[in-house]
Amino acid sequence: MKHNELDSFPKDFLWGSASAAYQVEGAYQEDGKGLSVWDEFVKIEGTTFKDTNGNIAVDHYHRYKEDIALMHEQGLKAYRFSIAWSRILPQGKGEINQAGIDFYNSLIDELVKYNIEPIVTIYHWDLPNNLQAEYGGWESRVIVKDFTNYAKILFEHFSDRVKYWVTLNEQNVFITHGYLIGSHPPAVRNLKRALHANHIANLANASVIKLFKENGYPGKIGPSFNFGPVYALDSYPENVLAKIDTEELMNFFWLDVYAFGKYPRTVLKQLEKLNLAPEITSEDTKLLAQGIPDFLGLNYYQTATVVENLNTSLGEIGKMNNSGKKGTGSSLEIPLISKFVSNPYLEKTNWDWTVDPVGIRFALRTIESRYQLPVLITENGLGEFDVLEDGEIHDSYRIDYLQQHLVEIQKAITDGVHVLGYCTWSFTDLLSWLNGYQKRYGFVYIDRNETEHEGSLNRYKKNSFYWYQEVIKTNGSKISKVSED
């Protein structure tokens, strides 16, 4: 669709930004917090860039009031953050840690004081280590009960002030990287186990949504999904078919379960033929149908381009570029389905991620046409090297990136997509899971380098901070660059 004039952003549009507990909080053993799987995983040498960890992170646990004051200065309408499961329940179940409840109560109250809408992510990858050790975490059906109980505790304590809940953040990522690629905990590389754990995560997601609705808690709830739209390299029919197969396997395999309560028939049939399908009971089917969300959270960073793949062996799983040295990543291959290739029309970041603003409109339109659910954009941003010079950070590249994506979001709204809000990733710089602290996403620069104890952790506002401030102030009517003078 082409438009002569774009609709305005809705008056109640949630202009926000985001973070995750492990990536910003630090204080990993303070005030009764238990260990998460990430606290243990990063102890293994070579698992992260320069062996960085979240023990201190950017010290948001102690500096949240300072950070929220900056959010208020910028004019944020919403802040999406996650709650650390092991800060609430140190063992993942059992006795509640009151200090954890108190911390998040204070954080939420501080946001409310400044009229910033709290958007709470219930699970952002930091599974309590005890549950992994006791029964294998997401590979056990026991976790459905434990996760639901944990979510209920959050609803009971915080739902009087929290109106937007994200159940699972990027289930497709933590399952794929944790159980297939092996780069996240528990570092498994087994397709059948990955599909089994994924099904249990689907049940846990549905169980929490069912609980939320049956108990009449106020507000809206839904999962967030890392949606990477897929293009065919060209119009060669076999490449177009590879695009369809890849999209069903890597996107709709999750989204259909969220929105319809069932897996795509084509994918499930092939998994059954290969004896890889998870066990799906009649009770599972019933539960999934009761877990339909109020919205879909969209995390968008890049698109993929594919050609057909005739190879029968797994071949390249795909090597991630975790160093920021452009061109060091390698592409994924899916046997008898597709090979991922470079898109000749798109540039790439220093971490080899494609830059494709139109892709976010593609994602929004796909969700609208296939699911007819409102969308809350829960993550979108650019990770890059930022340089602090005389207390200033000139990140015009980030402004360009966000501006171009916002234009495409506005076009999607004009198309007719119901977009609730837009949360950038991230508000402050933070720990990028496998990429350390050099890959910076925030509006606020954090003075720290790759080693754990170097840097003042002082906060510095980047040029993009002031640009987004103006975007929010004008409700998106002036999506333009700030002066670099």
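Modeller: Aspartate 386 is buried in this predicted model, because its relative accessible area is 7%, under the 20% limit. Its side chain meets that of lysine 462 in a salt bridge, with 2.5 Å from N to O. Aspartate 386 lies in the loop between strand 13 and helix 14 (396-415), and lysine 462 in the loop between strand 16 (459-461) and helix 15 (463-473), so the pair ties together parts that are 76 residues apart in sequence. Lysine 462 counts as buried too, with a relative accessibility of 0%. The pair also belongs to a network: salt bridges that share partners join Asp386 and Lys462 with Asp395, Arg398, Asp429 and Arg440.

The count for the model comes to 25 salt bridges. One of them is formed by the side chains of arginine 80 and glutamate 379, at 3.1 Å from N to O. Arginine 80 is in strand 2 (residues 78-82) and glutamate 379 in strand 13 (residues 375-379), so this pair links parts that are 299 residues apart in sequence. Both arginine 80 and glutamate 379 are buried.

Another salt bridge joins the side chains of aspartate 294 and lysine 213, at 3.4 Å from N to O. Here aspartate 294 belongs to the loop between helix 12 (282-289) and strand 7 (296-299), while lysine 213 is in helix 9 (residues 191-214), so the parts tied together are 81 residues apart in sequence. Aspartate 294 is partly exposed, with a relative accessible area of 25%. Lysine 213 is partly exposed as well, at 38%.

Notes: Residues numbered from 1 in each chain as written. Predicted model: local features only at pLDDT ≥ 70, side-chain atom pairs only at ≥ 80, totals over all residues. Heavy atoms only, no water. Salt bridge = Lys/Arg side-chain N within 4 Å of Asp/Glu carboxyl O. Helix = DSSP H or I, 4+ residues; strand = E, 2+ residues; numbered from the N terminus. Buried < 20%, exposed > 50% of the residue type's maximum accessible area, 1.4 Å probe, protein only.
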